[in-house]
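Me: Could you take a close look at one part of this model with me? I'd like to know what sits against what.

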Amino acid sequence: MLAVTDSLGCAAGKLHHDQELAGPGLRLYRKRTTDAALGQVTTPASDRGYLVGVSLNSGHRRRIFHTHHATAHDFETSGVYVRSFADDYCADMLGAFDFVLLEVSPAFFARATDERLGRRVTGLECVTGLQDAVLAHLARALLPALARPAEASTLFVDQMATVIGTHLIEQYGGAAAGSPVKRAGLSHVHERRAKELLRSRMDGDISISEVADACHLSRSHFIRAFRASTGQTPHQWLQAQRVEMARGLLADASLALADIAAACGFADQSHFTRVFAQAVGMPPGAWRRQLAG
């Protein structure tokens, strides 16, 4: 009986983590196995774009078969590979692994490069086993969202996709990096407009594109300018507004925690409790009791 494989050619039954999350132009995965004998992974050529893998641990090795030869590669923590779906892929997977994977669609490049000055980027340089600490940091930031996709707001996913996309096209697409010197923030008008839009969607069901367009800025420029003005990313700022709103509502002992969670835009009470405790240092129930004296 043939093993069932997923869309990336992995034997689905041997994966201990198999998580997925969709973003604008990006599909995000976490694939992890402790099985050292995963076997062979194959994917036929297609027009799906590129696959970027980020290794979260060390000890994985793979033998990749090319038309007339094969190459062996060891993956350490923060090791990265980039491959094109336009080519047939066949590799022997040796040793356990834990990867965050980014499937980058052709539409992603059109959207990303439309916002930039300079030459158009239509693809990425293919590499295997290259160390990329920046991309690894971004990949780890995605783990909570991949583990609990119902709690991943549109704002967070879109923000992460924009930041990751900027890094990919600058690091592997040959696009010139933006100037690290210029740190101009938003104008007072644009900052007020952005904050009003974000507050109007406390659940985060708003894209970076919507807010950036209202400020007449590209997505990547908007994120940088918003952070320069506020010291926080849009998602971090909105999360802080949720917590502050929750503090006010917790003073009313008649309100149930579940109702406060909903009013403040959290996915559920569990999500509210995790975020509040991380920000304040104690769960909302304990904070309310302390407030009551």
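Which strands does helix H2 (residues 133-141) lie across, and at about what angle does it run to S4?

Reply: Before we start, note that this is a predicted model: local features need pLDDT of at least 70, side-chain atom pairs count only at pLDDT 80 or more, and totals for chains, interfaces and linings use all residues. Residues are numbered from 1 along each chain as its sequence is written, and side-chain values use heavy atoms, with hydrogens and water left out.

Now to your helix. H2 lies across strand S4 (50-55), S7, S9 and S10, and its angle to S4 is about 85°. Labels like these come from DSSP runs, numbered from the N terminus: helices are H or I runs of at least four residues, strands are E runs of at least two. Contact here means heavy atoms within 4.5 Å. The angles run from 0 to 180 degrees between N-to-C directions, with axes as lines fitted to C-alpha atoms, for helices over the stretch in contact.

What are those strands part of? They belong to an open sheet of 6 strands with antiparallel pairing, in the order S1-S2-S9-S4-S7-S10. At the edges are strand S1 (17-23) and strand S10 (127-131), each pairing on one side only. On average, neighbouring strands in this sheet are turned by 15° against each other, direction ignored. Two strands count as paired if DSSP finds at least two bridges between them. S7 and S10, for instance, run antiparallel and are joined by 4 bridges, and glycine 79 stands opposite glutamine 131 in S10.

Helix H4 (residues 154-171) lies across S1, strand S2 (26-33), S4 and S9, running at about 90° to S1. In the loop between helix H3 (143-147) and H4 you'll find serine 153. Serine 153 counts as buried because its relative accessibility is 8%; buried means under 20% relative accessible area, exposed over 50%, and partly exposed in between, with a 1.4 Å probe and protein chains only. Leaving out residues up to four places away in sequence, serine 153 touches Asp203, Gly204, His235 and Arg242.

Go back to S7 and look at the loop between strand S6 (70-75) and S7, where serine 78 sits. Serine 78 isn't a glycine, but it has a positive phi of about 75°. With 12% relative accessibility, serine 78 counts as buried.

The largest cavity holds about 110 Å³ of space. Of the 13 residues lining that cavity, Cys10, Arg62, Tyr81, Met93 and Leu101 are the closest to its centre. Strand S7 (79-84), strand S8 (89-94) and strand S9 (97-104) are the elements that give two or more residues to its lining, and S9 gives the most, with 3 residues. A cavity is a set of points on a 1 Å grid over the protein atoms alone where a 1.4 Å probe fits but cannot get out, and lining residues have an atom within 4 Å of a point. Grid points are joined across faces, edges and corners, and the volume is the space filled by probe spheres set on the points.

Note on methods. On a 1 Å grid over the protein atoms alone, a cavity is a set of points where a 1.4 Å probe fits but cannot get out, and a pocket is an open set with protein on both sides within 12 Å along at least five of seven lines; lining residues have an atom within 4 Å of a point.
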